[in-house]
Amino acid sequence: MSSFDDFIYEKLDVSKVQDRGSKKWVAMMLPEHLKLIRQYNDDSKKIPKPELNEWDLEAIQESIELAMKRNVEVKIKLWKDGGFTIYVGKLIWVDLNRRLIEMEDTFKSFSLRLDEIVDITLLE
């Protein structure tokens, strides 16, 4: 290559060009299309609920019983609306009729649904 070609190649480096992605097409879309695209993007980010087998459910039950007996803090991982949430605190009581767990941390107490629990870890 000539020195002119090297000069042009250095100045016009294609790897530094950044495309605006879908932003450039937004002006030509209807609001209904934008709403559906945003909804699709939100749905694609959601995590499917993990399927718990018999052994997983039994391990969760044993962890709850052990935490209630020892009165220790637990870390509970919940799946809700396509994402995971983690709570840390002590278990106060379990209501099997309403399928709720009452739990408290240093600031407040709250109820968690048993059906949303994915994992429990004892913090001893």
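The model is a predicted one.

Start with the empty space. Rolling a probe the size of a water molecule over the atoms shows where empty space is left. Here, the largest pocket holds about 360 Å³ of space. Its lining counts 14 residues. Closest to the pocket's centre are Leu 57, Ile 60, Ile 64, Arg 99 and Leu 114. Sort the lining by class and nine residues are nonpolar, four are charged and one is polar. Helix H3 is the top contributor to this lining, supplying five residues.

Stay with H3. The helix spans residues 54-70. Met 68 is one of its residues. The relative accessibility of Met 68 is 32%. Buried means under 20% and exposed means over 50%, so Met 68 counts as partly exposed.

Move on to strand E2. This strand runs over residues 83-95, and Phe 84 lies within it. Phe 84 has a relative accessibility of 34%, so this residue also counts as partly exposed. What is the C-alpha separation between Phe 84 and Ile 47? The two atoms are 8.3 Å apart. Along the chain, 37 residues separate Phe 84 from Ile 47.

How values were computed:
Residues numbered from 1 in each chain as written. Predicted model: local features only at pLDDT ≥ 70, side-chain atom pairs only at ≥ 80, totals over all residues. Heavy atoms only, no water. Helix = DSSP H or I, 4+ residues; strand = E, 2+ residues; numbered from the N terminus. Buried < 20%, exposed > 50% of the residue type's maximum accessible area, 1.4 Å probe, protein only. 1 Å grid on protein atoms, 1.4 Å probe; cavity = no way out; pocket = protein on both sides within 12 Å on 5 of 7 lines; lining within 4 Å. Points joined across faces, edges and corners; volume = space filled by probe spheres on them. Nonpolar A, V, L, I, M, F, W, Y, C, P; charged D, E, K, R; others polar.
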